[in-house]
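Please examine the sequence and the three-dimensional structure shown here. The paragraphs that follow lead through the chain step by step.

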Amino acid sequence: MDKKRVMCLGLILLVLPLFGNAEGTSMGKPFDELWSAVTNLQQQIDVLSDQDKDFVSTEEHDADISSLQNQFNVFTGRYETDMTGLQGQINSINAHHEADVSILQGQIDNLNARCGNDTANLQGQIDALVGRHTTDISGLQGQIDAINSRIDEMQATETLTCGIGACTNTVPKYVNRVLQTCTPKFATFELCDGLDNDCDGQSDEDYPQLGHTCFYSTSHTGTYICAPSGMSLLCSY
Ligand SMILES: [Ca+2]
Ligand SMILES: [Ca+2]
């Protein structure tokens, strides 16, 4: 391989990384196109390199190299033009981006300031409502306490009465403003004590002779009275 061909191959190999990254990954459509063209040039150079130079004249060889050099220059110029154009687009986008960010930041600052004012305003309203609520509750509680106290006074005198005779029971009608129920007392055996012990509406009904005349001897009379046990009568004289 002569010196010119070696230089050309070196130049192309030097430029190849500009059209793709280290792994050969595509950088976009313009770069894919350039990459394909340069790869094609590389293949042509490889073909020329593989040819036995004894069968190719020096003039033909120089012409091939010159042609390849021209194509390489065309692609290099196109690459620089594309890069310049893309850099211009990038600069323009960056400028727009900065302007947009600045505008949005201004809007965010305004909203934050407004939010702060609104929050302070609302907190003031909440505090006022809470204060009023507390005052109202306190006032109403005082009224409720006064009414309950008055109700307690009135209900303290009220009673419930139920049952008859000895079963009669009397209880407070209200306890802590709650209506109560009345349950009669338990009934017992009827005694001769003047009470209706078995709660049937009659007193001493089992002792019909109580208070009546009795004979404690054939010539002496007395009166039936209740025995100390309360469950029988005695003739008293
Ligand atoms: Ca009785
Ligand atoms: Ca009775």
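How many helices and strands are there in the chain? The chain holds three helices and seven strands; helices (H or I, at least four residues) and strands (E, at least two) are DSSP runs, numbered from the N terminus. Along the sequence they follow the pattern α-α-α-β-β-β-β-β-β-β.

This is a predicted model, in which local features need pLDDT of at least 70, side-chain atom pairs count only at pLDDT 80 or more, and totals for chains, interfaces and linings use all residues. Residues are numbered from 1 along each chain as its sequence is written, while chains are lettered from A and ligands numbered from 1 in the order in which they are written.

The predictor's confidence in each residue, from 0 to 100, is called pLDDT. Its mean over the chain is 86, and 84% of the residues reach 70 or more. Over residues 3-9, however, pLDDT stays under 50, and over residues 11-27 it likewise stays under 50.

Attention may now turn to one sheet. Three strands form an open sheet in the order β5-β6-β7, with antiparallel pairing; two strands pair if DSSP finds at least two bridges between them. At the edges stand β5 (213-215) and β7 (233-236), each of which pairs on one side only. Three bridges join β5 to strand β6 (residues 221-226) in the antiparallel sense, and F215 stands opposite T221 in β6.

Finally, 5% of the 237 residues of the chain count as buried, that is, 20 or more other C-beta atoms, placed from the backbone, lie within 10 Å of the residue's own.

How values were computed: Two residues are in contact if their C-beta atoms, placed from the backbone, lie within 7 Å. A residue is buried if 20 or more other C-beta atoms lie within 10 Å of its own, exposed if 12 or fewer, and partly exposed in between; C-beta atoms are placed from the backbone.
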